[in-house]
Amino acid sequence: MFYREAGQFYTSYAKDQGIFQLRQDKYGLWGILFIAFIVVPVGLYLMVQGGLMAASTKDYLYNSIFLLLLVNSMAALGLNILTGYCGQISLGTAAFMGVGAFTAFKFSTGLNYRIQHEDDAGELVSQLVPLLPAIDNPILLVLIAGAVTAVVGVIFGLPSLRIKGFYLAVATLAAQFFLVWCFSRVEWLYDYVSSSTIQIPPLKLFGLVVTGSETVMRDGQQVTIYPAAETKYLICLSLVVFFAFVAKNLVRGRIGRAWMAIRDMDIAAQLIGIRPLATKLLAFAVSSFFCGMAGAMSLIFYLGALEGAEAFNINESFSVLFMVIIGGLGSITGSFLGAAFITLIPIFLVVVLPWLGGQFGIPVDAAMVEHIQFMVFGSLIIIFLIMEPLGLARLWQIGKERLRQWPFPY
Amino acid sequence: MRLKGLTLGLAAAVAATGIAAPAVQAADTQYFPLFTYRTGPYAPNGIPSANGIADYFNYVNLKHGGVGGVKLVWEECETGYNTKKGVECYERLKGKGTTVVFPYSTGITYKLIPNADKDKVSILTVGYGRTDASDGRVFPWTFTTPTTYWSQASAFIKYIGAQEGGMDKLKGKKIALIYHNSAYGKEPIRTLELLARKLGYKLTNLAVNHPGQEQKATWLQIRRERPDWILLWGWGVMNQVSIKEATNIGFKMDRMIGVWWSGAEQDVVPTGDAAKGYKAGTFHAAGSDFPLIKDIKKVVYDAGKGIPGGDKYVGQVLWNRGMVNAIFATEAMRAAQKKYGVKVVNGEQMRWGLENLNITAERWAELGLKGFMQPVKNTCADHEGNGPVLIQQWDGKKWNIVSDFITPMREVVRPLIEKSAAAYAKKNNITPRKC
């Protein structure tokens with residue numbers, strides 16, 4: 001009843017090829033975008049102004065939940081293109097994100113390299129020399145990070161031409177370990193700082209402070225301006241929305257169909273004239289492009305400073321893989337649903353369990369929450385895979401069908 | 001469908017609880033968030049550390065009714081020594097009246113430093129964290145009191161020199177550094193390298209990856225290199241494995257020195273008697289033979305008001321160090337209360353208190369810790385307080401102090417700190433304060 005296509009006619013080829021064929025879908029999407037772009041920032045702002053919410057709670061929502069969600073969505077989109085659409089299993093997602101983060105860092109500091117010499121007293125003097133002018137536009141940095149990661153992804157995607165399935169997973173695992181090793185050992189990557197921690201320098205976009213802080217003179221007084229959480233959120237949201245549309249259009253066109261053909265049966269795909277080399281490598285390139293952007297976003301907007309070996313370890317790769325599997329392989333919507341599921345459940349448990357325990361008079365301390373989190377999380381994943389192996393995207397699909405038939409059973 | 005409903009419900013509830021999270025501070029209580037790791041590979045060290053802080057706060061409340069009549073309240077947040085989780089904890093708890101945090105992780109410290117100024121939250125890293133943040137002109141909100149990794153590394157070299165019979169005897173000696181492959185483990189490398197150039201010893205750096213159980217390759221290299229001395233820069237389960245491996249290859253344990261995070265009971269007990277002779281740095285005395293610690297045992301644990309199962313940690317090395325964290329915070333709070341004439345102190349006042357922290361020998365005695373630590377005094381430019389370093393040794397049952405207080409090579413370390421801090425200031429458009 002709510003979801004009937006009856007009465008909706010296409011009067012042009014353009015309409016027939018639209019992404020969202022149904023009016024309900026289209027309005028639903030506009031609604032979601034409206035909420036994400038307007039209702040959330042304005043609503044939270046008004047709530048803080050009206051005293052309904054502390055400013056720190058608003059910051060927490062943006063900095064710890066929304067931004068993480070957006071970064072993870074971007075990474076899940078990337079992996080879904082490779083694994084969900086092209087059928088190539090990858091366990092190197094976190095490493096590719098790391099490549100993105102380090103690329104963004106290097107370009108934001110001008111690709112420094114070090115020259116060392118001994119001075120007259122025999123002391124070692126080192127100096128950092130930039131190769132390029134430093135880039136201070138965060139969006140440009142994210143795009144460059146994506147491009148460089150795409151190249152790295154293609155290199156590590158080469159084995160996929162010869163090996164498949166689990167064996168490819170192992171080959172990408174090698175990428176994971178090798179790249180993470182680089183992040184803690186190749187000094188050039190982290191500008192030779194002793195701690196191997198990278199920190200994004202102050203960046204601005206359209207005159208707005210995005211990272212770091214800026215001290216300006218205002219009315220004869222020094223005022224320090226800090227980045228607003230909303231700025232970061234809106235930039236990230238725009239990037240994710242834009243590239244989600246890019247992904248959606250890629251996968252429903254010629255390229256996406258070639259990927260799916262390779263995924264479903266590569267020999268048959270070859271027979272109908274799809275070149276496996278170009279197709280698989282393109283999937284690796286596009287997927288890595290997304291993952292690289294996710295990594296750069298994570299450095300620039302979410303973490304600000306990070307340690308490569310820790311932030312992009314194998315656990316992160318698995319968590320992105322879980323997002324894709326739980327969200328639904330081969331579904332753009334699924335990437336978002338999976339990212340939301342994996343990102344929000346732990347935070348939800350941390351917030352709710354102590355409260356819940358308090359209701360029943362059971363003291364729940366921080367360590368117990370952590371243990372319970374592991375158990376609940378693990379069992380949720382298993383329950384999910386048994387009850388709905390096709391993921392949240394499939395549930396959404398079923399939901400839509402029910403809505404269409406409602407109130408009749410079929 | 002049911003599951004979908006559930007997930008949507010969960011998502012809605014997350015949003016709701018996030019919004020409903022209370023941001024109010026009850027009157028006359030001072031709030032402290034504690035970032036703990038009671039789970040995971042770092043739990044053996046994380047539990048006594050966290051207990052030390054919590055037990056001291058508890059004691060101050062029970063015995064003195066808080067600080068200046070203000071009760072202390074604290075809330076734990078489990079980080080598992082993971083930076084992202086730590087940051088999530090920080091963001092969630094900072095609005096509840098947080099004035100100072102004890103990140104208990106160098107990785108989390110690095111991430112929090114850029115925010116401190118904006119959030120008006122001091123970062124108190126007692127014996128860890130970012131060493132160059134000791135320069136209070138560039139990092140007004142970060143405190144590395146009482147001493148830092150770079151200072152400690154230089155003190156170790158001084159100690160080794162003394163053991164060898166003079167600094168000139170270090171020439172040609174082989175020193176191996178086994179370090180946790182993270183920001184934490186890498187902290188001493190620059191200092192050790194610089195001193196190697198000056199003093200002529202040969203330094204071998206051997207990294208051990210998180211979580212640190214796998215060290216076969218590292219020890220193979222140790223057997224090949226046959227170093228004269230080993231410095232261990234580990235944490236959590238890595239320490240236990242390193243010490244065990246050292247005894248396995250028959251390394252002379254009194255020539256192996258751990259950082260102060262590698263010198264707790266938890267690290268040596270699993271190896272048993274073989275660990276006898278192993279040394280480690282520290283900046284405070286070991287054991288529970290102090291009036292204050294005995295009193296904490298009595299007031300908190302004997303009265304049944306302590307953390308369940310926590311009494312066995314009281315007086316352990318890491319517990320004592322946790323207590324030092326709490327003492328610094330409460331002393332700073334006390335100083336701020338006096339200076340500003342307030343009861344509950346805010347972030348800026350707490351920062352003032354930490355910057356003007358001055359615990360004299362008399363004050364230590366007053367606290368019931370006579371001879372426990374050297375006096376600590378911070379200044380505007382120096383947030384390290386220049387605490388000297390001690391060497392302690394394991395005798396199979398307990399840790400004993402075996403050296404006098406070793407003054408770090410300040411003439412080497414301080415210029416390094418200032419140079420590094422200046423580079424940070426330049427990169428991040430920070431104008432250093434005048435001190």
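A: Happy to. Please keep in mind that this is a predicted model. Let's start with the two strands themselves. Strand β1(A) covers residues 113–118, and strand β2(A) covers residues 124–129. They run antiparallel and are joined by six bridges. Then move to A:R114, which has A:L128 as its bridge partner in β2(A).

Between the strands sits the turn. β1(A) and β2(A) form a hairpin with five residues between them. Within that turn, A:G122 has a positive phi of about 85 degrees.

Are these strands buried or in the open? A residue counts as buried when 20 or more other C-beta atoms lie within 10 Å of its own. None of the six residues of β1(A) is buried, so that strand lies largely in the open. For β2(A) the number buried is also zero out of six, so β2(A) lies largely in the open as well.

For a contrast, look at A:L179, which is placed in helix α6(A), residues 165–185. This leucine has 22 C-beta neighbours inside 10 Å and therefore counts as buried. Setting aside its neighbours within four places in sequence, A:L179 is in contact with A:A95, A:G98 and A:V99. The distance from A:L179 to A:Q24 is 45 Å, C-alpha to C-alpha, and the two are 155 residues apart in sequence.

Now for the chain as a whole. Chain A has 15 helices and eight strands. Its radius of gyration is 24 Å, close to the 22 Å that the globule rule gives for 410 residues, so chain A is as compact as a globular protein of that length. Its C-alpha atoms fill a box of roughly 85 × 60 × 50 Å along the principal axes. Of the 410 residues, 45% count as buried. Among contacts in chain A with a separation of 6 or more, 73% come from residues 24 or more positions apart.

A helix pair is also worth a look. Helix α13(A), residues 332–359, packs against helix α15(A), residues 392–405, at an angle of about 115 degrees, with the axes 8 Å apart. On the α13(A) side the contact is made by A:T333, A:G334, A:L337, A:G338 and A:F341, and on the α15(A) side by A:L392, A:A393 and A:W396. By class, five of these residues are nonpolar, three are polar and none is charged.

Finally, chain A has a partner. The contact between the chains takes 51 residues from chain A and 44 from chain B. On the chain B side, α1(B) gives the most, with 10 residues. The residues on that side divide into 14 nonpolar, 15 polar and 15 charged.

Methods:
Residues are numbered from 1 along each chain as its sequence is written. Chains are lettered from A and ligands numbered from 1 in the order in which they are written. This is a predicted model: local features need pLDDT of at least 70, side-chain atom pairs count only at pLDDT 80 or more; totals for chains, interfaces and linings use all residues. Helices (H or I, at least four residues) and strands (E, at least two) are DSSP runs, numbered from the N terminus. The radius of gyration is taken over C-alpha atoms; the globule rule is 2.2 Å times the number of residues to the power 0.38. A residue is buried if 20 or more other C-beta atoms lie within 10 Å of its own, exposed if 12 or fewer, and partly exposed in between; C-beta atoms are placed from the backbone. Two residues are in contact if their C-beta atoms, placed from the backbone, lie within 7 Å. Two strands pair if DSSP finds at least two bridges between them. Ala, Val, Leu, Ile, Met, Phe, Trp, Tyr, Cys and Pro count as nonpolar, Asp, Glu, Lys and Arg as charged, and the others, Gly among them, as polar. Axes are lines fitted to C-alpha atoms, for helices over the stretch in contact, and angles run from 0 to 180 degrees between N-to-C directions.
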